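Here's a short walk through one protein model, written for someone meeting it for the first time. Have a look at the picture, then read on.

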Amino acid sequence: MDYDDNNVFAKILREEMPSHRVYEDSYTLAFMDIMPVSKGHTLVIPKSKSVNIFDLDEEFLSAVIKTTKRVADAIKKVFAPSGVIITQLNGAKAGQTVFHYHMHIIPVYEKAPFQPHANDVEDEAVLASTAKEIKQILV
């Protein structure tokens, strides 16, 4: 599959679509999932044109995992989840729905067991508030 410059994450990188950003550096961007599985569900993407792990340059792959750990640490400090799922999907049959490489950071809470995927778009104010809490730790 060829990379589609009009995928939603490419548009977020170009700031053609809004997002609730929590962290950014020269290689990566982390932002809130608009259909979160749990409070704090965050995505980390490379600033490169890659559909999946198989065509992602190792320099960007290394940066993505470093950012993922950094953001996951912040989520643990802010929300104190019981656990954290860090996952990444490759291909439609594996569940990938946006074809720009990305990692999911999904906090799991004792009173809110893990669900495979949410069906509803979260309220903008909730996303903004959650992003703000995570960003305060990352500063």
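Buried here means under 20% relative accessible area, while exposed means over 50% and partly exposed is in between, using a 1.4 Å probe and protein chains only. Before going further, a word on where this comes from: it's a predicted model, in which local features need pLDDT of at least 70, side-chain atom pairs count only at pLDDT 80 or more, and totals for chains, interfaces and linings use all residues. Residues are numbered from 1 along each chain as its sequence is written, and side-chain values use heavy atoms, with hydrogens and water left out.

## Aromatic pairs

How many aromatic pairs are there? The count comes to two, under a rule where rings of Phe, Tyr and Trp (its six-membered ring) pair if their centres lie within 6.5 Å; planes under 30 degrees apart count as stacked, over 60 as edge-to-face and the rest as tilted. Phe9 and Phe31 make one of these pairs, edge-to-face, with 5.4 Å centre to centre and 75° between the planes. Phe9 sits in helix α1 (residues 8-13) and Phe31 in strand β2, so this pair ties together parts that are 22 residues apart in sequence. As for the labels, helices (H or I, at least four residues) and strands (E, at least two) are DSSP runs, numbered from the N terminus.

Tyr27 and Phe60 also pair up: their ring centres are 5.2 Å apart and their planes are at 75°, so this pair is edge-to-face. Tyr27 lies in the loop between β1 and β2, and Phe60 lies in helix α2, so the pair links parts that are 33 residues apart in sequence. Is Tyr27 buried or partly exposed? Tyr27 is partly exposed, with a relative accessible area of 30%, and Phe60 counts as buried at 16%.

## The hairpin

Strand β1 (residues 21-24) and strand β2 (residues 28-32) pair in the antiparallel sense over three bridges; strands pair if DSSP finds at least two bridges between them. Together β1 and β2 form a hairpin, with three residues between them. Across the pairing, Arg21 stands opposite Phe31 in β2.

Val22 belongs to strand β1 and counts as buried at 5% relative accessibility. Setting aside residues up to four places away in sequence, Val22 touches Ala30, Phe31, Met32, Thr42, Val71, Ala131, Ile134, Lys135 and Leu138. Touching, or contact, means heavy atoms within 4.5 Å.

## Helix α2

Helix α2 (residues 58-79) has 22 residues and reaches 31 Å from its first C-alpha to its last, close to the 32 Å expected at 1.5 Å a residue. That expected span is 1.5 Å times one less than the number of residues. Among the buried residues of α2 are Phe60, Ala63, Val64, Thr67, Val71 and Ile75. Seen down the axis of α2, its buried residues fall within an arc of 165°, so they line one face of the helix; the arc is that of the directions from the helix axis to the C-beta atoms.

What covers those buried residues includes β1, β2, β3 (42-46), β4 (83-87), β5 (103-108) and α3 (124-138). On the other side of α2, Glu58, Lys66, Lys69, Lys76 and Lys77 are exposed. At the start of α2, a side-chain oxygen of Asp57 reaches to within 2.9 Å of the backbone nitrogen of Glu59. After α2 comes Ala80, whose phi is positive, near 45°.

## Where helix and hairpin meet

Thr28 is in strand β2 and is buried, with a relative accessible area of 0%. Thr67 is in helix α2 and is buried as well, at 3%. Which kind of contact joins the side chains of Thr28 and Thr67? A polar contact of 2.8 Å joins them. Such a contact is a pair of N or O atoms within 3.5 Å; within protein, one must be able to donate a hydrogen and the other to accept it, and residues adjacent in sequence count only if both atoms are side-chain atoms.

Leaving out residues up to four places away in sequence, Thr67 touches Tyr23, Asp25, Thr28, Ala30 and Val44. Beyond its neighbours within four places in sequence, Ile75 is in contact with Gly40, Thr42, Ala80, Pro81, Ile105, Pro107 and Ile134.
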